[in-house]
Amino acid sequence: MSQLDSILNVIDDDLPEGWEERVTPYGKVYYANHATRSTQWEHPVTGEQKILSGELPYGWERKIKEDGTIEFVDQINNVSSYTDPRLAFAKNEKQMKTFYFDENSTALELIRNRDLSGKYAVVVGANRGVGFEITRALAFQGCYVIMACRNLTLAQTACDTLCQERNDIKIEVMELRLESFASVKEFSGKILARNISLDILILNAAILETSYQLSDDNLELMFQVNYLAQFYLARLLLSKLISTDDARLVIMSCESHRGGNLSRTDISGHTLNVAKSEFNFLQVFCNTKLCNLLFTSELNRRINNQKNLTLICKACHPGNLLPTKLYWNWTPFRILNIFTNKFSKTADQASASPVLLATVDRDYFKSKESFYWNSLAECNPSDEANDSVLAYRLWEISEAILIRCTNSFDDFLSNGDQFSSFTKINQTN
């Protein structure tokens, strides 16, 4: 008896006549009843749900035919089948609730058994580095991913690369220029107008500019791109996130937030949006990362004050000294990276933390209350990041700056936004 015959015998052993066991492209087992021409997730006898795990057996290859049909080829015995050979070893879904990982796990390894089909995600800064790997992991598990990027040419190249790896994935490229509030407004308007859910929003964009630059809205560039524009985007899309059951908002920060020098006594529009004479690029960068954590903390407080909201919001540090282009404008880091490259995480390893937070079952967070994660584990942020008064003041000032710099944010707030600090719109600060 061949290996293929053995596998098929195991698969068909306990199924009633007329039933067939099949599997989705993302590893979820389902059952087809040929008599009624219907399908279901539950085993017709045991009622269990199963998922696949691990790689294909040695010698097997997965091929996609021109008509989109998936075929499994046993190269050793030169036979083929439409049946996934891993079905013989499929596990009860309840057995897979416990999973093991460490700081070297990649995003795909973490979610290889999760079926994300039917979910929609927006990944900001998705065309390279960690954002690219986040997109890969989510899309390969069936999620429809919208790549929100400034450079459409680079984004389309990244999209094409992923589609060449897997031609059954669903990815879309959309323009989002964080240096322009008008672009943020236009992008969010397009998302809100579509009849789709928003299950996952990952705010991943960041820049490090060594020279003082202004955005299209006449604000210091790093402050707007790294924090305020992404705060604006999240605020505009919160209604769609909240209307989606168990949605996730993941905000990327880093350990550099510990170098932030914002305080509750002196935070203002001037200390956030610094003038050229006060510009210190490392200090500004650290402060923007602190702002991201303060935003996460304050949003969680406001979510908890509402009833029956299922949105989960977390911030995370993906890893230290990552070999990405974020720091390439700074020569000392490029020199340091030569020596640390062998020891730092790869981009696919660094993407594991945000992907975990975006996809893991909400029960996983029952005993994990921290809003900040570092290398797949809870982490205590700095005292400043835990300062609730500072977080509240930052939220107020951020809204005030957006009211001053845009033509529509005050209207957005006055239309009954449930998370606003403004009971009556004012333009102080």
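This is a predicted model: local features need pLDDT of at least 70, side-chain atom pairs count only at pLDDT 80 or more; totals for chains, interfaces and linings use all residues.

Visitor: Is Ser188 buried or exposed?

Guide: Residues are numbered from 1 along each chain as its sequence is written, and side-chain values use heavy atoms, with hydrogens and water left out. Buried means under 20% relative accessible area, exposed over 50%, and partly exposed in between, with a 1.4 Å probe and protein chains only. Ser188 has a relative accessible area of 2% and is therefore buried.

Visitor: Where does Ser188 lie, and which residues is Ser188 in contact with, leaving aside its neighbours within four places in sequence?

Guide: Helices (H or I, at least four residues) and strands (E, at least two) are DSSP runs, numbered from the N terminus. Ser188 belongs to helix 5, residues 181-193. Contact means heavy atoms within 4.5 Å; with those sequence neighbours set aside, Ser188 touches Leu233, Leu236 and Leu237.

Visitor: How many aromatic pairs does a search of the whole structure find?

Guide: Rings of Phe, Tyr and Trp (its six-membered ring) pair if their centres lie within 6.5 Å; planes under 30 degrees apart count as stacked, over 60 as edge-to-face and the rest as tilted. The search finds 14 such pairs. One of them joins Tyr232 and Phe409 edge-to-face, at 5.5 Å centre to centre with 80° between the planes. This pair links distant parts of the chain, 177 residues apart: Tyr232 is in helix 6 (residues 221-242) and Phe409 in helix 13 (residues 409-414). Tyr232 counts as buried because its relative accessibility is 1%, and Phe409 does so at 0%. Tyr364 and Phe365 are also edge-to-face, at 6.0 Å and 75°. Here Tyr364 is partly exposed at 21%, whereas Phe365 is buried at 9%. Ring pairs also join Phe223, Tyr227, Phe231, Phe295 and Trp395 into a cluster.

Visitor: Which residue lies over the face of Tyr364?

Guide: A charge sits over a ring if NZ of Lys or CZ of Arg is within 6 Å of the ring centre and within 35 degrees of the ring normal. Lys368 takes that position over Tyr364, at 4.3 Å from the ring centre. The charged end of Arg166 likewise sits over the ring of Phe140, 5.0 Å from its centre.

Visitor: Which residues line the largest cavity?

Guide: On a 1 Å grid over the protein atoms alone, a cavity is a set of points where a 1.4 Å probe fits but cannot get out; lining residues have an atom within 4 Å of a point. Grid points are joined across faces, edges and corners, and a volume is the space filled by probe spheres set on the points. The largest cavity, of about 50 Å³, is lined by Phe223, Thr271, Leu272, Val274, Val284, Asn287, Thr288 and Cys291. Helix 8 gives the largest share of this lining, four residues.

Terms used. On a 1 Å grid over the protein atoms alone, a cavity is a set of points where a 1.4 Å probe fits but cannot get out, and a pocket is an open set with protein on both sides within 12 Å along at least five of seven lines; lining residues have an atom within 4 Å of a point.
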